[in-house]
Amino acid sequence: MLSPAEFLALVADPSSPMSHLVLQWRLPRVLAAGCVGALLALGGAIFQGVFRNPLAEPYLLGSAGGAAVGATVALLVVLPFSATLALPLLAFLGAWGATWLVLAMARMTGRSSIAALLLAGVAVAAVLAAMRSFLMLALSDETVSLQAVLSWALGGVQTPSWRELALLVALTGGAVVLAQSLARGLDLLGLGEGVAESFGLPVRRFVALAVLAAAFIVAVSTVWGGLVGFVGLMAPHIARWRHGPLHRGLMPRAAAIGAGLVMLCDGLARAVLPPAEIPLGLVTALIGGPFFLLILAREVRRG
């Protein structure tokens with residue numbers, strides 16, 4: 001690990017091989033991993049607030065899986081418009097459609113309990129995973145590296161160029177502002193729909209806008225990071241335990257915690273089995289799975 005003085009020395013001498021390695025490869029990837037984690041945390045915080053469900057999370061709700069299906073189509077299908085536009089657009093449509101499908105299936109049971117939402121999310125996620133696998137097998141050919149698509153689907157932050165990183169940082173900053181604009185409505189919604197409406201919140205329109213915003217945030221994270229699970233569950237809970245439930249303070253803190261989690265997990269993915277690299281999604285699942293079971297057990301005891 002570089003000390004601050006060593007890092008400044010590398011910046012001062014950009015012609016050295018070590019400086020090229022750090023500034024062109026390591027630093028952009030670390031910053032991109034931080035942005036992906038922040039986006040996942042913001043998406044999870046919005047979903048938990050909208051559905052008033054502590055287990056709501058982009059991966060479990062199927063929104064990340066929907067984004068992955070849309071992105072897979074963009075990667076494997078020749079479309080009549082720019083691939084640069086197709087990837088984020090189809091990822092967003094997939095995330096938005098999957099989220100509403102899970103919500104509709106949960107409401108078909110006649111109640112919006114944790115169990116109904118989780119079961120609907122698991123079912124939709126399984127179908128989406130099967131669709132993604134079918135598309136990868138049916139549409140890949142010698143012009144497309146199936147291994148590259150599979151690696152992306154398992155979760156992994158690729159080293160972006162500085163121009164791509166600037167776009168990702170700008171989108172992440174916009175996502176923080178967007179999430180903050182929803183904070184008051186999420187706080188009111190947590191008091192119940194009747195109370196929220198009495199305070200002048202148009203509940204149905206607000207929920208639709210919040211789901212749309214969360215789907216956009218998750219789509220951006222999926223485009224740059226693939227399928228990375230449980231970060232959107234862990235980061236908001238850790239922030240809530242330390243700083244309380246009010247969303248105006250929760251959002252930026254959850255984003256910071258999510259950024260730190262993904263940077264740490266990405267470092268572990270690169271360092272555990274060198275020179276091979278473990279998919280980032282596997283590392284976050286190993287950490288997030290027990291965390292999910294802990295939260296689930298706590299909610300069952302409460303219920």
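Helices H11 and H13 are oblique to each other, packing at an angle of about 55° with their axes 9 Å apart. The model is predicted. The protein chain holds 13 helices and 0 strands, and 48% of its 303 residues are buried.

**Packing of H11 and H13**

- H11 covers residues 231–243 and H13 covers residues 280–302.
- The crossing of H11 over H13 is left-handed.
- On the H11 side, the contact is made by Val231, Leu233, Met234, His237, Ile238 and Trp241.
- On the H13 side, Thr284, Ile287, Gly288, Phe291, Phe292, Ile295 and Arg298 take part.

**Histidine 237**

- Histidine 237 belongs to helix H11 and is one of the residues through which H11 meets H13.
- With a relative accessible area of 2%, histidine 237 falls under the 20% limit and is therefore buried.
- Leaving aside residues up to four places away in sequence, histidine 237 touches Gln48, Pro54, Phe291, Ile295 and Arg298.
- Of these partners, Phe291, Ile295 and Arg298 are also listed on the H13 side of the helix contact.

**Packing of H7 and H10**

- The axes of H7 and H10 come within 11 Å and cross at roughly 155°.
- Because angles over 145 degrees count as roughly antiparallel, H7 and H10 are roughly antiparallel to each other.
- H7 passes H10 in a crossing that is left-handed.
- The residues of H7 that meet H10 are Glu164, Leu167, Leu168, Leu171, Ala175 and Leu178.
- Their counterparts in H10 are Ala213, Phe216, Ile217, Val220 and Trp224.

**Nonpolar cores**

- The largest nonpolar core has 73 residues, and Ile46, Val50 and Phe51 touch the most other members.
- Helix H10, residues 203–225, gives the most to this core, with 14 residues.
- A second, separate core has 16 residues, among them Leu118, Ala235, Ile257 and Ile295.
- Phenylalanine 51 touches Ala56, Leu61, Thr99, Leu103, Leu117 and Val211, when residues up to four places away in sequence are not counted.

**Glycine 156**

- Glycine 156 sits in the loop between helix H6 (146–153) and helix H7 (162–181).
- Its relative accessibility is 8%, so glycine 156 counts as buried.
- Apart from residues up to four places away in sequence, glycine 156 touches Ser151, Trp224, Gly225, Gly226 and Leu280.
- Trp224 is also among the H10 residues that meet H7.
- Glycine 156 and aspartate 266 are 110 residues apart in sequence, while their C-alpha atoms are 7.8 Å apart.

**Loop residues with positive phi**

- Arginine 52 has a phi near 50°, a positive value in a residue other than glycine.
- Arginine 52 lies in the loop between helix H2 (17–51) and helix H3 (63–76).
- Arginine 52 is partly exposed, with a relative accessible area of 41%.
- Phenylalanine 230 has a phi near 75°, likewise positive in a residue other than glycine.
- Phenylalanine 230 is located in the loop between H10 and H11.
- At 11% relative accessibility, phenylalanine 230 is classed as buried.

**Tryptophan 162**

- Tryptophan 162 is part of helix H7.
- A relative accessibility of 38% places tryptophan 162 among partly exposed residues.
- Tryptophan 162 and tryptophan 25 are 137 residues apart along the chain, and their C-alpha atoms are separated by 9.9 Å.

**Whole chain**

- Along the sequence, the chain follows the pattern α-α-α-α-α-α-α-α-α-α-α-α-α.
- Among contacts between residues at least 6 apart in sequence, 74% join residues at least 24 apart.
- The chain exposes about 14700 Å², of which carbon and sulfur atoms supply 70%.

Methods
Residues are numbered from 1 along each chain as its sequence is written. This is a predicted model: local features need pLDDT of at least 70, side-chain atom pairs count only at pLDDT 80 or more; totals for chains, interfaces and linings use all residues. Side-chain values use heavy atoms; hydrogens and water are left out. A nonpolar core is a set of buried Ala, Val, Leu, Ile, Met, Phe, Trp, Tyr and Cys residues joined through side-chain atoms within 4.5 Å. Buried means under 20% relative accessible area, exposed over 50%, partly exposed in between (1.4 Å probe, protein chains only). Helices (H or I, at least four residues) and strands (E, at least two) are DSSP runs, numbered from the N terminus. Contact means heavy atoms within 4.5 Å. Accessible areas come from the Shrake-Rupley method with a 1.4 Å probe; for residues, only the protein chains shown count as cover. Axes are lines fitted to C-alpha atoms, for helices over the stretch in contact, and angles run from 0 to 180 degrees between N-to-C directions. Angles under 35 degrees count as roughly parallel, over 145 as roughly antiparallel, 65 to 115 as roughly perpendicular and the rest as oblique. A crossing is left-handed if the near helix is turned anticlockwise from the far one by less than a right angle, and right-handed if clockwise.
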